Amino acid sequence: MKITVINGSMRHVEHSQSLKVSRYLLQALKSQSYCRYTHLISMTEKPYPLWNEGVWDGEPEWKALLEPIGDELATSDGFVVVVPEYHGMAPAALKNFLLMHNKYQIGHKPALLVGVSSSDGGAYPVAEMRMSSTKNNRLCYIPEQLILRHVETVLNEKNEDNNAEADAYFRERIDFALTILGEYAKALKQVRASNTLHNEKFSNGM
Ligand SMILES: Cc1cc2nc3c(=O)[nH]c(=O)nc-3n(C[C@H](O)[C@H](O)[C@H](O)COP(=O)(O)O)c2cc1C
């Protein structure tokens, strides 16, 4: 199976703690037996300008941007969505990204939410994503989630940069959460194979 990590951080790559977390998650996924392929999509790369009508009108410039990433999403079996907290919100670039992609690409596929905070925060963006990012695309956030607090002190390459106790806890907890993601990925394949999911009359969620 293929799992794509979506990094929501808009910061420059040199500063993004969420990118550090995303890279760690990509490595951790490789040691999960269910995961054969991984892919990273990072808002640090600013993949899209803000949404405009050209998306729906199929303008060539938009198509050129959207199709390669859309193909990566469509061939994924599940996602990890890394969402840093910016003034208590999910990053605008991540919400913009979700305006671009649809139920045929990400619908009825499981996603693990990973909140990131440099302090004691990280819960608001996870709650926001659960509340308002899946109505029409039918992405399925799994019940298990991670919130990496004091993120500068964990998952660093050099041991001396880590808080040993917190770091060990999160590494173990990440493996636990990724294992659960794999079980949902296997189970939801069956749901998608049912051919009951797409109905033009009920094209969007309520
Ligand atoms: C614009 C901005 C707003 C932030 N607001 C919050 C906040 O409300 N709560 C919080 O816990 N951290 C906040 N932070 C700190 C982030 O948690 C910290 O920068 C973390 O590393 C974010 O991930 P990133 O480095 O990948 O962007 C904010 C950071 C930025 C850049």
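**Entry 1: terms and ground rules**

Helices (H or I, at least four residues) and strands (E, at least two) are DSSP runs, numbered from the N terminus. The model is predicted: local features need pLDDT of at least 70, side-chain atom pairs count only at pLDDT 80 or more, and totals for chains, interfaces and linings use all residues. Residues are numbered from 1 along each chain as its sequence is written.

**Entry 2: the first unit**

I looked up β1, α1 and β2 and found that they make a right-handed β-α-β unit. Strand β1 covers residues 2–7 and runs parallel to β2, with six bridges between them. I3 has T38 of β2 as its bridge partner.

**Entry 3: the sheet**

In what order do the five strands of the open sheet lie? I read β2-β1-β3-β4-β5, with parallel pairing. Two strands pair if DSSP finds at least two bridges between them. β2 (37–42) and β5 are the edge strands, each pairing on one side only. From one strand to the next, the twist averages 20°.

I then checked β3 (residues 78–84), which is joined to β4 by six bridges and runs parallel to it. Here P84 stands opposite V116 in β4.

Next came β4 (residues 110–116) and β5 (residues 140–148), also parallel and joined by six bridges. V114 is partnered with L146 in β5. Between β4 and β5 the chain passes through helix α6 (residues 123–132), in a right-handed β-α-β crossover.

**Entry 4: two helices**

I turned to α1 (residues 17–30) and α7 (residues 164–192): their axes come within 10 Å and cross at roughly 60°. Axes are lines fitted to C-alpha atoms, for helices over the stretch in contact, and angles run from 0 to 180 degrees between N-to-C directions. Under 35 degrees is roughly parallel, over 145 roughly antiparallel, 65 to 115 roughly perpendicular, and the rest oblique. So I call α1 and α7 oblique to each other.

Which residues make the contact? I list L25, A28 and L29 of α1, with I174, D175 and L178 of α7. Contact needs C-beta atoms, placed from the backbone, within 7 Å.

Conventions
A crossover is right-handed if, with the strands pointing away from the viewer, the path from the first strand over the helix to the second runs clockwise. Two residues are in contact if their C-beta atoms, placed from the backbone, lie within 7 Å.
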